[in-house]
Each structure stands twice: as C-alpha cells, then as structure tokens.
Amino acid sequence: MLTKGGPRMPLSTAHVTIEHPAHRVVELIHSLGDEVTARLGGDGRAAIISRHGTCSLVPRWGTLVLIAAAPDLDSLTGVRDLVTRHLSHSAAGQEVHLDWTGPTSGDALEPVTPAVQDYLLAHCTPPDRLLTELAAMTREATGRAAGMQVTHDGGVLLEMLVRLSGARSAIEIGVFTGYSSLCIARALPDDGRLLACDVSTEWTGMALPFWERAGVRDRIDLQIGPALETLRALPEERTFDFAFIDADKAGYPAYCEEIIPRLVTGGLLVLDNVFLGGTVLDPAFQEADQRAIREVNEALAQDDRLDSVMLPVRDGVTLARKR
C-alpha cells in the first residue's frame, strides 16, 4: 500500500482491436481458471480480481477495452502481464497487440472535462438572481471552502428530481450555506418539509436570509448537530420521499444505513461526490474517505432494497430508488 503523499500511478488502459470481443472475454476467463476470481456481467463486461489487482474488460464493436488497477506500480505490471499473457493464449490463431497506457493516478482523472463542464453550465436553466447572489456570497465568505457548494447544474438536477418524484418530505445531510437546500425546498409543494442537517451554525446562518427571501424558510427544519444522532433520534417508520447526502464522506455508509429504512416505497436517495475526485477508482488511495465511498458505492449497487444508477455528473452522483 502506498503511503499518503507517495507516488500514485496504478491505473492503466488498453484498447484491443479483436474479432468477437465478447466471446474473447469468456474465453479469457476460462483460460484463467483458478488463478483469479472473475465476474461476468450480463452485458458482457467482466471483472478479474487477482493477487496483484483488478482488470475490467469491456467489449465493444470490434474492440476490447481493458482497465487495470493496482495499489502500486509493481502490482500494476503484474495485472497487465497476467491479462496480456492469457488474452494472447485464448485468442489462438489471431494476433493480439496490447498497447497499455502509462500509469495514471486516480486524482489526475477528469470524468467530466472542463470543456464539457462549461458546456453543461451554458446549456441548463440559468440561475435566478437569488441563487446567483447566494453563490457569490459563498465564494466571498468561505474562500476555498466554497468548493463544497453544489454547482448550479447540480442544483437544477436536485430541483428537477424533487419535482419529478413528487416528493413532499425530504432530508438533506450537509447544508453548508444552503444552496442545495434552497433548490430542494422550493421544489417541494407548499406543505412540503425539508429536514436539513449540519454541524455548523456559522455556515448555515448564511443560508437563513436567502431561505427567507425565497419564501421557503417555513418548509425547512434546520437541525444543528451530528447528523447521525439526528437520524437515529427519528421515528423508524418510512417517512421520507427524497434524501440528499453531501456531507463528510466517511459518514456516508452510516447515513445510508439510517436513511434507507426511512424512505417510502419509490423514495429517492441521491449521493454526491461518489467519485471523490477520481480517487475511489485508484487503489493507491486508502484514506478513510476513499474507503467509505467505495464501501457505500458497492453496498448500494448490491442492495436488494434499491434500484441504483451512478451518473458521471461533476464528481459523480448516485441515484437510488427504494423498491
């Protein structure tokens, strides 16, 4: 395992032009035998887990995409050599050439490039005057911490999801200066309610005047204190139609554990920052935040109470609907 601050270079990809790539994936898995653990998905995608690291195989038309990941450079070399050797063996009679990219660190990935981000912002409903003022105040008052505020397109998405889901009762974990709270609250009906949880009176105090001006202050119940304590003090029956989590990342698994049972059937759970700047894709990053986000990403995908999808929106957004 690499230490914090050390070199991180464990991601590498290759594109292979090959006939019948989906069949090649199956043959490759069979050729590996007991040497690795392999999972084959219904879409033809496969995941190989070895003692060195992992490799995902994604078949496309006439092309096989390979994505190798490992905790360090030596292990990455082991993963690539293993897959290269067995892929060449399984494709007997067909020349296979793998040109792996150089090792890349997860925090150097850009799931959404700056050009795409700018285009997205330019082509969604523009912010109104109140949201513009709130964003400007946040930048001025909080400095670098302003990056914790959802982007405008993220706010539009939240507002749209609340309206589309018909939510009347919502909960938010992580308020900051209230931009996302404002987007959620004004999408609720007049008798709707948002339980907004945060630990900072300083930052949430900045939100109050904007909620008042928007005419939604009476819809928002602001609870100051550790969110997990607030959640565990709630009744256990299903109450919430909508939940948004955008707080301390290490707390995500526990927040989900408390919120999911309290979602009504058809209720929607939204998690922000599920890529964590690309670091969750990189096994070299093993701090508490990365471990927690990986845990919750895996758990939601496997939870038989939910239907979930992860979207490459900004820093990654997961939507999960309660069955």
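Modeller: Buried means under 20% relative accessible area, exposed over 50%, and partly exposed in between, computed with a 1.4 Å probe on protein chains only. The structure is a predicted model, in which local features need pLDDT of at least 70, side-chain atom pairs count only at pLDDT 80 or more, and totals for chains, interfaces and linings use all residues. Residues are numbered from 1 along each chain as its sequence is written, and side-chain values use heavy atoms, with hydrogens and water left out.

Biologist: What percentage of the 323 residues in the chain do buried residues make up?

Modeller: The C-alpha atoms fill a box of roughly 70 × 40 × 40 Å along the principal axes. Of the 323 residues in the chain, the buried ones make up 49%.

Biologist: How many helices and how many strands are in the chain?

Modeller: Helices (H or I, at least four residues) and strands (E, at least two) are DSSP runs, numbered from the N terminus. By this rule the chain has 10 helices and 12 strands.

Biologist: What is the average twist from one strand to the next in the open sheet of 7 strands?

Modeller: The order of the strands is β8-β7-β6-β9-β10-β12-β11, with mixed pairing; two strands pair if DSSP finds at least two bridges between them. The edge strands, each pairing on one side only, are β8 (220-224) and β11 (306-311). From one strand to the next, the twist averages 15°.

Biologist: How many residues of β9 are buried?

Modeller: Strand β6 (residues 169-173) runs parallel to β9 and is joined to it by 4 bridges, with I173 opposite I245. Strand β10 (residues 263-272) is also parallel to β9 (residues 240-245), through 5 bridges; here F242 stands opposite L268 and F244 opposite V270. β9 is mostly covered, and its buried residues number 6 of 6.

Biologist: Which strands does helix α10 touch?

Modeller: Contact means heavy atoms within 4.5 Å, and angles run from 0 to 180 degrees between N-to-C directions of axes, which are lines fitted to C-alpha atoms, for helices over the stretch in contact. Helix α5 (residues 152-165) lies across β9, β10 and β12 (317-322), at about 165° to β9. Helix α10 (residues 288-302) packs on the sheet as well, its direction making about 135° with that of β11, and the strands touched are β10, β11 and β12.

Biologist: How far apart in sequence are the parts tied together by R186 and D128?

Modeller: A salt bridge is a side-chain nitrogen of Lys or Arg within 4 Å of a carboxyl oxygen of Asp or Glu, and the structure holds 14 salt bridges. In the one between R186 and D128, the closest N and O atoms are 2.7 Å apart. R186 lies in helix α6 (residues 179-187) and D128 in the loop between α3 (114-122) and α4 (129-142), so the parts tied together are separated in sequence by 58 residues.

Biologist: Which residues are linked with D128 and R186 in a network of salt bridges?

Modeller: R186 is partly exposed, with a relative accessible area of 22%, and D128 is partly exposed too, at 31%. The network of salt bridges links D128 and R186 with E159 and R163.

Biologist: Are D153 and R314 buried or exposed?

Modeller: The side chains of D153 and R314 meet in a salt bridge of 3.1 Å, N to O. D153 lies in helix α5 and R314 in the loop between β11 and β12, so the pair ties together parts that are 161 residues apart in sequence. Both D153 and R314 are buried.

Biologist: What is the relative accessible area of R232?

Modeller: E258 forms a salt bridge with R232, the closest N and O atoms being 3.3 Å apart. E258 lies in helix α9 (residues 252-259) and R232 in helix α8 (residues 227-232), so the pair joins parts 26 residues apart in sequence. E258 is buried, with a relative accessible area of 14%, whereas R232 is exposed, at 52%.
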